[in-house]
There are 2 protein chains.
Amino acid sequence: MTTLQTEKIINLTRGVPPAEAFPTEDLIACEEAALRKYGNILLQYAQAPGFVPMREWLANHYDLKPGNIFMGNSSLEILNFITQLVIKPGDTVFAESPTYDRTNTLLKRACAKIVDIPMEKDGMDMEIFEKELKKNPPVMLYIVADFQNPMGSSTSAVKRHQLAKWAEQYDFWIVEDAPYRPLRYMGKDEPTIMSLSPEKVLHLSSFSKLLAPGIRFGYMVGPDSFVKKVTAWAVDTYIGPVMPTQGMVYEYCTRDLLGKNIEKLKNLYKPRLEALLQALEKYLPRADWTKPEGGFFVSVFLPDGNDMDTLIPKADRAGLKLTDGRGFFINPGDGERFLRIPFCSLNPQELDNAIERLAPLIN
Amino acid sequence: MTTLQTEKIINLTRGVPPAEAFPTEDLIACEEAALRKYGNILLQYAQAPGFVPMREWLANHYDLKPGNIFMGNSSLEILNFITQLVIKPGDTVFAESPTYDRTNTLLKRACAKIVDIPMEKDGMDMEIFEKELKKNPPVMLYIVADFQNPMGSSTSAVKRHQLAKWAEQYDFWIVEDAPYRPLRYMGKDEPTIMSLSPEKVLHLSSFSKLLAPGIRFGYMVGPDSFVKKVTAWAVDTYIGPVMPTQGMVYEYCTRDLLGKNIEKLKNLYKPRLEALLQALEKYLPRADWTKPEGGFFVSVFLPDGNDMDTLIPKADRAGLKLTDGRGFFINPGDGERFLRIPFCSLNPQELDNAIERLAPLIN
């Protein structure tokens, strides 16, 4: 193994799809067809939320109306719009702890008072949630209920129902960020929180994990009245979204290629998840980790006596790039022993090697 | 003419390129080539400001460094980033009067105190500018120096030099929005304000008027240190811009097609500008109008005794859609007799018909 270690750095830092996941030739053919059929629309100014037939396709996909769909240049930017529309400086927002680091950044930019609710392996600790709720209800909760980034685990059905109920009772928005939801490798779907409380949930998703992140095609599903507000805000911000890529995705979807691509991705990623879980069992029996049924991430909770300032440079010297777990926590100290391990862009052998390298560095 | 009038509505409301201006087949070929050559980059997450070779191409085009270029999803959104980085609520911003209506919206969103400087036919009234400057210098001036939207006229060289000097002396940013600059049909270029004061000017441009608005590819040229700030803000907002269209434009530019397309557009638009100016001479001799040497707009100042609330519905009944001139002024009353006439998307005969219809409606 020594040779391999000095030869090739293994990168465990970014949750991105591997290049072999991109259906490049299909996308080329679809872009060509879309520009030839709809060029005069796709090349012209269009007001947000963009390409009308694609909006209709998504509405149909969710069994809703086009008025329930907003499409933009990444779901992260739509989250940015939401924070600007929902949060006044000083307003309270609840977030999972840990949560997606880029959301933390946007919540801070909006001057939200962030209350972080500790995660258990099936979603947030509901006792703490309820206590905080009674103390000071939020204007918004941000949650990744399916295969959470960074934890990989999912919120249980019971907790989803409870959250939906509380959102109505205490009148707050739930932003349900669900980019990984269609990538389930085992087990069965829980209901979306949106389906349990359609008037209080803003459901975000995108084609970044299902097709390609570079197209930056994200969308929001939500109540008609809120979609109108986001649309007006987007028109004032950039008039309309980038159009040719919306046309490309529309053509891809109407050719019925999306479902097939998702199947291909599941077949690619499932053995990677399994290899990672086996490697953790084999090399890190003393640590604790999540056992996701889909998505991009497994997270490892290291034993006492480990911390990021020691581990990251040691891993670096061993040819292993790690993400600093503290970035996923509002209170960075809570992440001293937290490791997010993205498994989609490494093959089973690389994942085995990575954990083999990691094991001797752990106290 | 009566038949024509009832048969076909003439739309004088939007300054958009006509569909026949889009080099659709070339763009299809360039997108295909770009995705085939650089697919693994264009389909992957890229951090702002986007596709590195395109950034280098633009740097070379402006004889600057890549660090001077920021590329985003429309120059309007880059303006939005600038307002968020430069303006604190209550800060003073100077703007031309009239100015681009969407800029007014973004300045108001940033809670700027907008001081509007009246326009003459060669740019702002410099006496009023100086008086306001001495009273309360702004943090930022927004200007469209070339073929202004909505006036069509350009700022003189003398005024450009004066503005550049003042920006340094009084320490404010000049946002020089220049999307029309390459579309000069007669006369000769004045220097960009950026060239006169590179450390105080944020120069915006885009491919919306030179290729196609639907690709939403805008960019900023400015000091390295400010580009870094905008880049960090953009990464936090959406990670990276939409990439396949940046690759398409890069391929288009490296095939040397851009210059040829600009020549084609000039040949298409110049006779339209000439036809509009002739029609104004013929049908509206009592009105006053600008005589632009390029761009998309001519503006007409109607005689006393006209106002928008009367004129717009009358024009509507005569089959002529007009933009409410009041929208271009911070003080809407200043626009009661102001008509912006976009000429690029109508052919010479349509423009002649439009002004012929307009003439009898004017008091």
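**Entry 1: ground rules**

I number residues from 1 along each chain as its sequence is written, and chains are lettered from A, with ligands numbered from 1, in the order in which they are written. Because the model is predicted, local features need pLDDT of at least 70 and side-chain atom pairs count only at pLDDT 80 or more, while totals for chains, interfaces and linings use all residues.

**Entry 2: confidence**

I looked up pLDDT, the predictor's confidence in each residue, from 0 to 100. Chain A averages 96. In chain A, 98% of the residues score at least 70. Residues 1-5 of chain A fall below 50. That stretch has five contacts in the model beyond near neighbours in sequence. I count a contact when the C-beta atoms of two residues, placed from the backbone, lie within 7 Å. Where pLDDT is low, the predicted coordinates should not be read in detail. For the model I noted ipTM 0.95 and pTM 0.96.

**Entry 3: how the copies relate**

**Entry 4: where the chains meet**

Chain B gives 39 residues to the contact, and chain A gives 39 residues. I then asked which elements of chain B touch chain A. Those with two or more residues there are α2 (24-42), α4 (75-86), α5 (101-109), α9 (224-238) and α10 (244-254) of chain B. Helices are DSSP runs of H or I with at least four residues, strands are E runs of at least two, and both are numbered from the N terminus. The largest share, 10 residues, comes from α2(B).

By class, this side of chain B has 21 nonpolar, 11 polar and seven charged residues. Ala, Val, Leu, Ile, Met, Phe, Trp, Tyr, Cys and Pro count as nonpolar, Asp, Glu, Lys and Arg as charged, and the others, Gly among them, as polar. Of the interface residues of chain B, 100% are also interface residues in chain A, so the copies meet through the same surface.

**Entry 5: domains of chain A**

Domain bounds come from an automatic or database assignment. Chain A has domain 1 (2-16 + 267-361) and domain 2 (24-257). Their centres, taken over C-alpha atoms, are 27 Å apart. Domain 1 of chain A puts 23 residues into the contact between them, and domain 2 of chain A puts in 23 residues. On the domain 1 side, α11 (257-283), β11 (297-301) and β13 (338-342) of chain A each supply at least two residues. That side has 11 nonpolar, eight polar and four charged residues.

**Entry 6: strands**

Strands pair if DSSP finds at least two bridges between them. β10(A) and β11(A) have two bridges, and Trp289(A) stands opposite Val300(A).

Next I checked β2 (residues 69-72) of chain B. Ile69(B) and Met71(B) point one way, Phe70(B) and Gly72(B) the other, and all are buried. Buried means 20 or more other C-beta atoms within 10 Å of the residue's own; 12 or fewer means exposed, in between is partly exposed, and C-beta atoms are placed from the backbone. β2(B) pairs with β9(B) in the antiparallel sense over four bridges. Phe70(B) stands opposite Met220(B) there.
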